[in-house]
Amino acid sequence: MIQRVQILTAWLAAHRRDEKGATAVEYALMVALIAVVIIAAVTFIGTSADSKFDEVGSAVNGAGS
């Protein structure tokens, strides 16, 4: 009986460690997804801002002529 308890305890301890590893992987995936979203947002905002600066620059150059 004691041997079965020891086996069960060892099995539970091993699976408990596996869950910590799985949690670390889940957090890594979330961080990667957040990074991709941030990169996409910054790229979109940069493109939008670039076109707006071009528009303002053209208006300023056209008004000065």
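The following paragraphs lead the reader through the structure, from its overall fold to two local features. The model is predicted.

The protein contains 1 helix and 0 strands. That helix, α1, covers residues 2–64, and the protein as a whole has 65 residues. Of these residues, 0% are buried. A residue would need a relative accessible area under 20% to be called buried. The accessible surface of the protein amounts to about 6000 Å², and carbon and sulfur atoms account for 70% of that surface.

Met-30 belongs to helix α1, and its relative accessibility is 44%. Met-30 is classed as partly exposed because this value of 44% lies between the limits of 20% and 50%.

The other local feature involves charged side chains. The count of salt bridges in the protein comes to 1. In this salt bridge the side chain of Lys-52 meets that of Glu-55, with a distance of 3.9 Å from N to O. The pair qualifies because the nitrogen and the oxygen are 3.9 Å apart, and the cut-off is within 4 Å. Both Lys-52 and Glu-55 are located in helix α1. They stand 3 residues apart, which is about one turn of the helix. Lys-52 has a relative accessible area of 47%, so this residue is partly exposed.

How values were computed
Residues are numbered from 1 along each chain as its sequence is written. This is a predicted model: local features need pLDDT of at least 70, side-chain atom pairs count only at pLDDT 80 or more; totals for chains, interfaces and linings use all residues. Side-chain values use heavy atoms; hydrogens and water are left out. Helices (H or I, at least four residues) and strands (E, at least two) are DSSP runs, numbered from the N terminus. Buried means under 20% relative accessible area, exposed over 50%, partly exposed in between (1.4 Å probe, protein chains only). Accessible areas come from the Shrake-Rupley method with a 1.4 Å probe; for residues, only the protein chains shown count as cover.
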